[in-house]
Amino acid sequence: MDVREREIREEQRHLDAVYRRLAEKIDEAEYLMADAASRVHVGTPGALAERDAQVFRAGRHLARLNNEFEDFLFGRIDLLAGKDGERGPDGAFTSVEPADDAVTVRDGAPVAEIAETLHIGRLGVLDADYVPLVIDWRAPAAAPFYRATPVAPGRVVRRRVIRSRGRRVLGVEDDLLRPELRALREGAELPIVGDGALMAALGRTRGHRMTDIVASIQAEQDEVIRAPAVSVTEVTGGPGTGKTAVALHRAAYLLYQDRRRYAGGILIVSPTPLLVSYTEGVLPSLGEEGQVAIRALGSLVEGAEADSYDDPPTARIKGSAAMARVLHRAARGVLERPGAPGRLRVVAFGRRVELTGEALARVRQATLAGTAPVNLLRPRARRLLLDALWETSGAPQRYPDPALAAEAREAFNEDIGAEDSFQDFLDAWWPEVTPLQVLTAMTDEQRLGRWARRLLRPREVRLLARSLRRITPAGGGLSAHDVALLDELRVLLGAPAKPARPREADPLDQLTGLEEVTTYADRLAGRREAPEREGERVDYAHIIVDEAQDLTPMQWRMVGRRGRQATWTIVGDPAQSSWPAPEEAAAERDAALGGRRRRQFELTVNYRNPAEIARVADGVLARAMPGARPPRAVRETGLAPRFATAPEPDGLSGAVRAEAARLLAEVPGTVGVVTAMGRRAAAGEWLAGLGDRLVVLGSLEAKGLEYDATLVVSPAEIAEESPAGLRVLYVALTRATQRLTVLSGPADHPGPDGVPELLATS
Ligand SMILES: Nc1ncnc2c1ncn2[C@@H]1O[C@H](COP(=O)(O)OP(=O)(O)OP(=O)(O)O)[C@@H](O)[C@H]1O
């Protein structure tokens with residue numbers, strides 16, 4: 001039997017033991033469920049609550065245990081003894097540094113005995129004697145698995161990635177971190193198998209869903225994932241450096257580390273619904289089902305769902321900070337509308353009393369003075385109307401005695417206030433306004449022009465009004481930018497805020513009894529006292545913003561409102577920004593984050609693109625952002641990108657189809673066809689029937705996604721579509737994990753080698 005086979009067998013034995021233990025725990029959890037459910041007759045409320053909690057807790061555990069993980073166990077580290085001999089709650093040495101006597105010299109060569117072997121997996125599992133069979137990947141003891149490098153190995157001698165599917169171990173790959181040592185385990189030499197798991201992971205065929213990277217997180221990524229969640233953690237890095245992956249793993253880590261604080265309270269904001277559906281499987285694969293809300297920017301406001309795109313000039317207007325002021329004026333001006341009642345007529349003390357035009361306008365103005373939300377001002381409007389009617393009625397002169405006047409005034413208020421004509425007037429003159437109604441009012445160019453005076457140019461007013469006309473009364477036709485406007489209006493109008501759903505109290509924190517299968521943090525949380533009062537928080541405890549470079553000022557305001565008390569993780573890449581005014585966005589971002597302290601990280605290695613593809617993209621980066629440093633690609637495939645040209649004049653459709661079919665034949669996984677936004681619908685028709693491995697995307701939809709092969713259609717069309725077009729093109733060119741084809745259309749002016757002008761290296 002060769003070494004590899006022997007080692008696979010050894011790991012198989014360990015995995016078998018893990019599954020045996022899991023089966024025991026499943027039995028136990030099922031027993032607890034049945035036991036609790038049968039105790040229906042225990043009478044006291046306390047006992048009933050405990051029973052419910054036990055059923056809930058056991059059910060959650062069962063769900064976790066039964067979760068068919070593709071690879072429950074994926075890593076192992078063999079370590080030297082820890083420096084001070086101290087061990088943590090999971091029984092592992094706590095010190096990162098080896099004990100002074102861990103290495104001895106024998107026959108002139110350094111020799112060391114392996115003092116500890118830890119297996120790393122998705123959840124922690126202890127055996128019946130509380131010895132760890134598997135350490136949760138997020139536990140402190142697992143950190144060396146990710147962090148150790150040959151330069152700073154700490155105690156790690158050998159790091160092993162175990163490849164398994166279900167209950168079968170398929171392979172092992174080892175890294176030797178202290179090659180200078182002769183390492184012994186129980187007297188025998190420590191074998192080393194294979195050469196690195198990272199490359200194997202990177203070459204893998206892609207599907208339509210992102211997978212986790214838990215077995216191969218790299219040291220610079222691990223630092224971000226485990227960074228303490230104080231204030232703001234900012235992460236920048238080029239395409240493919242793992243920003244999205246790191247953000248998702250960080251959410252899982254934070255939950256693990258302090259479940260009480262974060263369960264249900266983490267929001268991940270993504271730019272597009274496509275990126276949401278691409279990434280939403282990652283957290284469940286890490287054992288965190290339903291704990292984190294992943295939302296697209298166009299779905300952040302309850303009851304609104306973006307289903308349309310704005311062209312770049314319209315997006316520029318809707319996203320700009322000036323819109324906040326336009327909306328402020330619109331929300332306060334919307335009550336003055338054509339058809340609003342112009343006269344209030346009541347009968348007081350047997351006489352007709354009337355308010356008209358100017359008097360009403362004065363009351364309106366006085367009511368709106370200040371900044372209180374418009375819908376909440378109705379009681380004030382009612383009061384001021386009664387004041388004005390009282391004055392007009394001549395009553396003050398008739399009651400010089402203040403006591404009598406006060407009494408008469410009270411009677412007046414009661415009588416008039418109850419009169420139908422007064423109520424009807426108030427309903428019509430100060431109706432409750434919805435955000436959608438204000439957007440509808442803004443479709444009237446004249447009114448919008450008044451509200452936007454000195455804020456928008458006449459051309460912009462026209463564009464904005466026209467675009468808002470697309471919105472239906474039921475809220476169809478909204479874009480992601482409109483949703484941010486609705487959110488702003490919600491605040492300006494004061495629609496009664498929905499109370500945030502109180503976070504589910506986690507019975508894992510309350511009961512004991514199943515600790516053998518649990519996480520380090522669960523146990524720590526059990527020891528901590530509970531400082532939190534339920535229902536108090538109206539926003540999120542932690543907000544993760546993906547592709548942060550794309551948030552407009554208005555979107556920063558919207559997201560900021562959801563994290564007034566939050567800590568933040570913000571990941572992005574300025575070089576991929578499709579927003580043309582970064583300074584303006586930065587100002588609103590600063591306002592959203594307040595004065596919180598910021599910690600910055602940079603990711604520098606591109607794990608997605610082979611170097612051959614990265615070189616083409618780097619050329620565009622140099623044009624888009626002169627001086628920007630591209631990330632370093634770690635792989636070469638030996639496959640140069642293909643440059644094809646559509647035959648003039650109308651051959652684009654056939655060429656797109658032919659090139660896409662060619663890529664489908666070349667890779668086993670997914671193919672993304674990226675076109676200018678204006679071409680997307682047509683390209684969808686050209687490519688109909690080519691199967692579900694192929695996806696057609698407008699350039700702005702490609703953000704964050706990746707495909708085995710990408711066909712970029714007409715770089716010039718993509719670049720010319722918006723002021724940030726070169727950066728959008730940079731995004732399109734960095735989506736492929738294996739192959740890239742660039743197809744030139746009529747606007748691209750390719751050279752004799754087929755390379756379009758924009759991609760030519762001078
Ligand atoms: N340590 C790693 N091990 C294995 N795969 C990795 C690792 N880091 C990143 N990847 C893979 O690299 C690809 C790019 O990662 P990700 O999408 O998170 O990058 P990104 O920085 O968000 O890119 P972009 O800026 O283009 O959106 C993904 O397929 C991811 O799984």
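Is Gln-221 buried or exposed? Select this residue to begin the tour. Gln-221 counts as buried because 25 C-beta neighbours lie inside 10 Å.

Please keep two points in mind. The model is a predicted one, in which local features need pLDDT of at least 70 and side-chain atom pairs count only at pLDDT 80 or more, while totals for chains, interfaces and linings use all residues. Residues are numbered from 1 along each chain as its sequence is written.

**Stop 1: around Gln-221**

Gln-221 belongs to helix α5 (residues 219-225). Helices (H or I, at least four residues) and strands (E, at least two) are DSSP runs, numbered from the N terminus. Apart from neighbours within four places in sequence, the contacts of Gln-221 are Gly-242, Val-246 and Leu-603. Two residues are in contact if their C-beta atoms, placed from the backbone, lie within 7 Å. Although 387 residues separate Gln-221 from Arg-608 in sequence, the two are 14 Å apart in space, C-alpha to C-alpha.

**Stop 2: the whole chain**

Now display the whole protein chain, which has 28 helices and 25 strands. Of its 762 residues, 45% count as buried. Among contacts with a separation of 6 or more, 75% join residues 24 or more positions apart.

**Stop 3: the nonpolar cores**

A nonpolar core is a set of buried Ala, Val, Leu, Ile, Met, Phe, Trp, Tyr and Cys residues joined through C-beta atoms within 7 Å. In soluble globular proteins, nonpolar side chains tend to be buried together. The largest core here has 175 residues, and those with the most contacts inside it are Ala-251, Ile-266, Val-483, Val-620, Val-673 and Tyr-730. Helix α6 (residues 243-257) gives the most to this core, contributing 10 residues.

Centre the view on Ile-266. Which residues is Ile-266 in contact with, leaving aside its neighbours within four places in sequence? They are Ala-251, Leu-254, Leu-255, Val-292, Tyr-540, Ala-541, His-542 and Ile-544. A second, separate core has 10 residues, including Leu-344, Leu-385, Phe-412 and Ile-416.

**Stop 4**

Select helix α19 (residues 458-468), where Val-461, Leu-464, Ser-467 and Leu-468 are buried. Viewed down the axis of α19, these buried residues fall within an arc of 140°, so they line one face of the helix. The arc is that of the directions from the helix axis to the C-beta atoms. An α-helix has 3.6 residues a turn, so residues three or four places apart point the same way. On the other side of α19, Pro-458, Arg-459 and Arg-466 are exposed. The partners of the buried residues of α19 are α10 (312-319), α17 (435-441) and α18 (445-451).

**Stop 5: two helix pairs**

The axes of α10 and α20 come within 9 Å and cross at roughly 15°. Axes are lines fitted to C-alpha atoms, for helices over the stretch in contact, and angles run from 0 to 180 degrees between N-to-C directions. α10 and α20 are therefore roughly parallel to each other. Angles under 35 degrees count as roughly parallel, over 145 as roughly antiparallel, 65 to 115 as roughly perpendicular and the rest as oblique. At this meeting, Ala-315, Lys-318 and Gly-319 in α10 touch His-481, Asp-482 and Leu-485 in α20.

Then select helix α12 (residues 357-368) and helix α13 (residues 378-392), which pack at an angle of about 140° with their axes 9 Å apart. These two, α12 and α13, are therefore oblique to each other. Ala-359, Val-363, Ala-366 and Thr-367 in α12 meet Arg-380, Ala-381, Leu-384, Leu-385 and Ala-388 in α13.

**Stop 6**

Gln-291 lies in the loop between α9 (282-285) and β13 (292-296). Gln-291 is buried, with 21 other C-beta atoms within 10 Å.

Tyr-130, in the loop between β5 (125-126) and β6 (132-136), has a positive phi of about 65° although it is not a glycine. Tyr-130 is exposed, with 11 other C-beta atoms within 10 Å.

End at Glu-186, in the loop between β9 (182-185) and β10 (188-189). Glu-186 is not a glycine, yet its phi is positive, at about 50°. Glu-186 is exposed, with 7 other C-beta atoms within 10 Å.

Terms used:
Buried ≥ 20, exposed ≤ 12 C-beta atoms within 10 Å, placed from the backbone.
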